[in-house]
Amino acid sequence: MARILALDYGTKRTGIAVTDELKLIASGLTTVNTTELLDFLTNYFKTEKVERVLVGEPKRMDDTPSESEVHIQEFLKKFSEKFPEIPLERVDERFTSKMAVQTMLDSGLKKKKRRNKALVDEISATIILQTWLYD
């Protein structure tokens with residue numbers, strides 16, 4: 001059975017979340033420097049079977065793409081060239097960062113941990129994945 005992977009793509013860091021093999025549970029996997037993302041995915045795909053990759057789609061409130069979409073499009077092109085057998089799907093990621101911070105607050109994380117932007121990115125990727133799973 002194959003997993004589904006979700007990416008909260010950022011120009012500096014990318015949060016990554018993954019399902020279990022039954023595709024029931026979304027869990028944060030890690031956060032990697034975006035410059036190392038394709039190498040990380042190459043290694044991950046060697047050890048884990050992934051049936052599709054979800055990539056967050058940042059939009060403004062008026063439904064227009066955010067300024068980071070240009071960078072995401074460049075990544076999507078490179079990804080498709082490197083992994084043509086793995087389908088990509090976009091998921092609206094509006095408010096995921098705010099939801100991630102709220103999740104951290106609700107779980108009682110101390111202020112120092114809540115400042116960890118890598119953790120926010122990982123939780124955001126998990127929210128993107130949960131959104132797709134439960135829609």
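Me: In this predicted model, are Y44 and F45 buried or exposed?
Reply: Both Y44 and F45 are buried.

Me: What makes F45 count as buried?
Reply: The relative accessibility of F45 is 16%. Buried means under 20%. F45 therefore counts as buried.

Me: Why is F83 called buried?
Reply: F83 has 6% relative accessibility. The cut-off is under 20%, so F83 counts as buried.

Me: Why is the pair of F45 and F83 called edge-to-face?
Reply: Check the distance, then the angle. The ring centres of F45 and F83 are 4.8 Å apart, and pairing requires centres within 6.5 Å. Their planes stand at 85°, and over 60 degrees counts as edge-to-face. The pair is therefore edge-to-face.

Me: How do you know that this pair links distant parts of the chain?
Reply: F45 sits in helix α1, residues 37–47. F83 lies in the loop between α2 (69–82) and β5 (88–92). The two are 38 residues apart.

Me: Which residues form the aromatic cluster?
Reply: Y9, F40, Y44, F45, F75, F79 and F83 form one cluster. The count of aromatic pairs comes to 7. One of them is Y44 with F45, edge-to-face at 6.5 Å centre to centre and 65° between the planes.

Me: What makes strand β1 mostly covered?
Reply: In β1 (residues 3–8), 6 of the 6 residues are buried. R3, L5 and L7 are buried on one side, and I4, A6 and D8 on the other.

Me: Which strands pair with β1?
Reply: β4 (residues 50–57) pairs with β1 in the parallel sense over 5 bridges. There, L7 stands opposite V55. β2 (residues 13–19) pairs with β1 in the antiparallel sense over 4 bridges. The bridge partner of D8 in β2 is G15.

Key: Residues are numbered from 1 along each chain as its sequence is written. This is a predicted model: local features need pLDDT of at least 70, side-chain atom pairs count only at pLDDT 80 or more; totals for chains, interfaces and linings use all residues. Side-chain values use heavy atoms; hydrogens and water are left out. Rings of Phe, Tyr and Trp (its six-membered ring) pair if their centres lie within 6.5 Å; planes under 30 degrees apart count as stacked, over 60 as edge-to-face and the rest as tilted. Buried means under 20% relative accessible area, exposed over 50%, partly exposed in between (1.4 Å probe, protein chains only). Two strands pair if DSSP finds at least two bridges between them.
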